Protein chains: 2
Amino acid sequence: MPVPAFFASVPLEKAYRLLNHGPTVLVSSAHAGSVNIMAAAWSCPLDFSPPKVTVVIDKATRTRALVEASGQFVLNLPCQSIAALTLALGSESALEFPDKLQRHDAQLFSVPEVDAPLVQGCVGWLVCKVVPEPHNQTTYDLFIGEVTHAFADSRVFQDGHWNFDDQPDALRTLHYVAGGQFYVTGASLKIDAPESL
Amino acid sequence: MPVPAFFASVPLEKAYRLLNHGPTVLVSSAHAGSVNIMAAAWSCPLDFSPPKVTVVIDKATRTRALVEASGQFVLNLPCQSIAALTLALGSESALEFPDKLQRHDAQLFSVPEVDAPLVQGCVGWLVCKVVPEPHNQTTYDLFIGEVTHAFADSRVFQDGHWNFDDQPDALRTLHYVAGGQFYVTGASLKIDAPESL
């Protein structure tokens, strides 16, 4: 698949801002011809420079094996228009449903220098190299990734800021609660810094 | 200060749902008569049972010393009505502005068995005991907490689910981006599980 329209690079020093507001992500990974995507609500920035992230990847997932074998994953940020796909990819394990990507018609694309696929229809993408931390991985299922490439849909992310208000609601990012319930990223609120600063 | 109206216990097995949608938090802590509150966008669930969370607490904060000394912190979930307080507490360090809580009129209250104060005007509270992980703390400023008590404002969190849609927007939680820009938690979206399940 070709790279999507409005696909734009994000400078690495601004990469944390893609994840700062706490959206749910799709974790994509690949190894030795196998590809998978799972949903994860438990992902978070960890550092600014170099940008790092955390993500919890359960031992009972196909993604876990692919990430451990390849040392790479992509955090794809889905938006409202693919909420059903996000729930489906997060509800079905590839271990039980090996055809889940095909059945739910997940559309992938690739970028140079990155083995893991990126997910079409998302509005942000953080390509990450695993920072090996065996104790965290074993004890907490917690993975640390260093962001090596960052991209966003230029309609909703410009100059290091999200800007959902001028675009269709379908492009707003998602925040998962449980049981199929999401919240969409809502209204923007700009607060002036305190007078002391 | 008294416990706020609508303050209700949340069963520990549902505690992760307070944080699952990725809101920005206020981290409160206390030790030896000192109290502080900082804002943190980098906080995330880590486990269901017992519930655990992660939060990044920079070495250059007053909160870091209080958390390390006391072994406890509270993640308070601010809402739109206290966005300015949230930005102020996140912009000023108590090391430079030792009177910041008083100057911004942060209202605190306490609950039994918990040394750290809770913040009035918030809509969720996760009391956490530090799970010591010196390597994570030193290398990544990353703290793991086990949730020992969870509370929420019963107007917006009932039966393990947020319900912002029937309440004033002032009670919606916040998601920080940068430079004083927040997003408010937006519309609810309920998606049916895939047919396979």
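A:Leu26 stands opposite A:Asn76 in strand E6 of chain A. Strands here, like helices, are DSSP runs numbered from the N terminus; a strand (E) needs at least two residues and a helix (H or I) at least four. This is a predicted model, in which local features need pLDDT of at least 70, side-chain atom pairs count only at pLDDT 80 or more, and totals for chains, interfaces and linings use all residues. Residues are numbered from 1 along each chain as its sequence is written, while chains are lettered from A and ligands numbered from 1 in the order in which they are written.

Stay with E6(A), residues 72-77. Strand E2 (residues 25-31) of chain A pairs with E6(A) in the antiparallel sense, over 3 bridges. Pairing requires at least two DSSP bridges between two strands. E6(A) also pairs with strand E9 (residues 124-131) of chain A, again antiparallel, over 6 bridges. There, A:Leu77 has A:Gly124 as its bridge partner in E9(A).

How many of the residues of E6(A) are buried? The count is 6 of 6. Buried means that 20 or more other C-beta atoms lie within 10 Å of the residue's own; exposed means 12 or fewer, and partly exposed is in between, with C-beta atoms placed from the backbone. Both faces of the strand are covered. A:Gln72, A:Val74 and A:Asn76 are on one side, and A:Phe73, A:Leu75 and A:Leu77 are on the other.

Now the core. In soluble globular proteins, nonpolar side chains tend to be buried together. The largest nonpolar core has 127 residues. Such a core is a set of buried Ala, Val, Leu, Ile, Met, Phe, Trp, Tyr and Cys residues joined through C-beta atoms within 7 Å. The residues with the most contacts inside it are A:Val27, A:Leu75, A:Leu126, B:Val27, B:Leu75 and B:Leu126. A contact means C-beta atoms, placed from the backbone, within 7 Å.

Two of these show the packing. Not counting residues up to four places away in sequence, A:Leu126 touches A:Ala15, A:Leu18, A:Leu19, A:Val53, A:Val74, A:Leu75, A:Val147 and A:Ala150. B:Val27 is found in strand E2 of chain B. It counts as buried because it has 29 C-beta neighbours inside 10 Å. Its contacts, with residues up to four places away in sequence left out, include B:Ile37, B:Val55, B:Phe73 and B:Leu75.

How do the chains relate? Chain A can be laid on chain B with an RMSD of 0.0 Å, by a turn of 180° and a shift of 0.0 Å along the axis. The two copies are thus related as by a two-fold rotation axis. The superposition is by least squares on the C-alpha atoms of residues with pLDDT of at least 70 in both.

Next, the interface. 49 residues of chain A are in contact with 49 residues of chain B. E14(A) gives the largest share of the side of chain A that touches chain B, 10 residues. That side divides into 27 nonpolar, 16 polar and 6 charged residues. Here Ala, Val, Leu, Ile, Met, Phe, Trp, Tyr, Cys and Pro count as nonpolar, Asp, Glu, Lys and Arg as charged, and the others, Gly among them, as polar. The copies meet through the same surface, because 100% of the interface residues of chain A are also interface residues in chain B.

A sheet crosses from chain to chain. It is open, has 4 strands, and its order is E13(A)-E14(A)-E14(B)-E13(B), with antiparallel pairing. The edge strands are E13 of chain A and E13 of chain B, each pairing on one side only. E14(A) and E14(B) are joined over 7 bridges, and A:Gln181 stands opposite B:Lys190 in E14(B). Within chain A, 4 bridges join E13(A) to E14(A); A:Leu174 has A:Val184 as its bridge partner.

Helix H3 (residues 83-91) of chain B is largely enclosed by the rest of the structure, because 7 of its 9 residues are buried. Those buried residues pack against strand E14 (181-190) of chain A, and against several elements of chain B, including strand E2 (25-31) and helix H4 (100-103).

Last, the backbone. Most residues other than glycine have a negative phi, and most peptide bonds are trans. The bond from A:Ser49 to A:Pro50 is cis, with omega near -5°; A:Pro50 lies in the loop between E4 and E5 of chain A. B:Asp105 has a positive phi, near 55°. B:Asp105 is exposed, with 8 other C-beta atoms within 10 Å.

Definitions and conventions: Contact = placed C-beta atoms within 7 Å.
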